[in-house]
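Reader: I have this one open on my screen and would like to go through it slowly with you. Please start wherever you like.

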Amino acid sequence: MGFSYKDAGVDIEKGDRFASFIGNIKSKAVSSSIGGFAGGLPVDLNRYKKPLLFSCTDGVGTKLMVAMRLKKYDTVGIDLVAMSVNDLIVCGIEPISFLDYIACGHLNETVLKEVIKGIVDGCEQAECVLTGGETAEMPDLYKADDFDLAGFCVGIGDEEKILPFKNKMKAGDVLLGLPSTGVHSNGLSLARKALAACDDAVWEQLLTPTKIYVKEMKTLLATGAVLGAAHITGGGLEGNTVRALPAGLKPQFTWDWPVPEIFERIQKEGGIETEEMRKVFNMGLGIVLVVSAEEASVVLKKAADSGIDLLKVGELVNG
């Protein structure tokens, strides 16, 4: 007999079982269209004067290598969702639909079911729906236990509320920060090298999932006082904040907020300069908001009344 697809390393039946597993997850964050050729969901356009669709994509980088070392896969799916939905919400866009792409050398159902559970968890936190995805088994491209993740998200917003409002920003505007849960999903190539000799207890801190800020941001955006926002990913605080600012203004941070211990450990173990740390990592802030000095107290009060941890972390200056 000639070769079969299974002989070549691709198990169609196993892939079908995995798709069925996803489609049978009982959650409002999982679409009933899972398993079809495409997925969708209803959108109430009456909520918007001039609706705009935004889309974005991202992955989790070498954080997967941390998960593989620790053999713990139930949180990287949360990271995958977080990286995209956080990018949307800082634009004033509410995420509505999420899709995942999983590429692997061998479809390990035990591992990938844990990944999917994390993705569903992330979608629940972000108040969006997993409407589909793709799992590609490619044994000649990936080693047997290797896999990679990519996420894709679509969101909707009203044109007049899309951030940033660069024309309203000026020197003296206040920078407010939402704390991070740790490293999130950026800078892991440097972090892993710095912590190479450390035990698994330290590496577990690297696996803390990226915080999903959608609910908090919806609350703060409802004040109408937020002029701009930045999701702090690779490139650090300054590198990401300037993306939301007009030419002629730059952020000036106080650098006096509480920083998770993991950053101190990375810097010490790797002998990394402070400037390099600030260039690569979020250093304790996952999102930075720009508000006018006159409105800062309104946003801070709304945060306090809503149980949201929000810190004053700097201001805009000319430059």
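**A chat about helices, loops and contacts**

Author: Let us begin with lysine 71, which lies in the loop between α2 and α3. Helices here are DSSP runs of H or I with at least four residues, strands are runs of E with at least two, and both are numbered from the N terminus. This is a predicted model, in which local features need pLDDT of at least 70 and side-chain atom pairs count only at pLDDT 80 or more, while totals for chains, interfaces and linings use all residues. Residues are numbered from 1 along each chain as its sequence is written, and side-chain values use heavy atoms, with hydrogens and water left out.

Reader: Okay, and what phi does lysine 71 have?

Author: Lysine 71 has a positive phi of about 55 degrees, although this residue is not a glycine.

Reader: Is lysine 71 buried or exposed?

Author: Lysine 71 counts as exposed, because its relative accessibility is 67%. The cut-offs are under 20% relative accessible area for buried, over 50% for exposed and anything in between for partly exposed, using a 1.4 Å probe and protein chains only.

Reader: Changing topic, how do α1 and α4 cross?

Author: The axes of helix α1 (residues 12-23) and helix α4 (residues 109-126) come within 11 Å and cross at roughly 25 degrees. That angle is why α1 is called roughly parallel to α4; angles under 35 degrees count as roughly parallel, over 145 as roughly antiparallel, 65 to 115 as roughly perpendicular, and the rest as oblique. Axes are lines fitted to C-alpha atoms, for helices over the stretch in contact, and the angles run from 0 to 180 degrees between N-to-C directions.

Reader: Which residues make the contact?

Author: From α1 there are Lys14, Arg17, Phe18, Phe21 and Ile22, and from α4 there are Glu109, Leu112, Lys113, Ile116 and Lys117, where contact means heavy atoms within 4.5 Å. By class, the contact of α1 with α4 has five nonpolar, no polar and five charged residues. Ala, Val, Leu, Ile, Met, Phe, Trp, Tyr, Cys and Pro count as nonpolar, Asp, Glu, Lys and Arg as charged, and the others, Gly among them, as polar.

Reader: How far apart are the axes of α3 and α7?

Author: The axes of α3 and helix α7 (residues 214-221) are 10 Å apart, and the two helices pack at an angle of about 5 degrees, which means that α3 is roughly parallel to α7. Here the contact is made by Val85, Asn86 and Ile89 of α3 together with Val214, Met217, Lys218 and Leu221 of α7. By class, the contact of α3 with α7 has five nonpolar, one polar and one charged residues.

Reader: Now a loop residue: where is threonine 233?

Author: Threonine 233 is in the loop between β6 (226-231) and α8 (236-241), and it is buried, with a relative accessible area of 11%. Not counting residues up to four places away in sequence, threonine 233 touches Met83, Asn186, Asn240, Arg243 and Val280.

Reader: Which residues does a cis peptide bond join?

Author: A cis peptide bond joins leucine 163 and proline 164, with omega about 5 degrees, and proline 164 is in the loop between β4 and β5 (174-179).

Reader: Last one: what does leucine 249 touch?

Author: Leaving aside neighbours within four places in sequence, leucine 249 is in contact with Met169, Lys170, Ala171, Leu316, Val317, Asn318 and Gly319. Leucine 249 belongs to strand β7 (residues 249-253) and is buried, with a relative accessible area of 12%.
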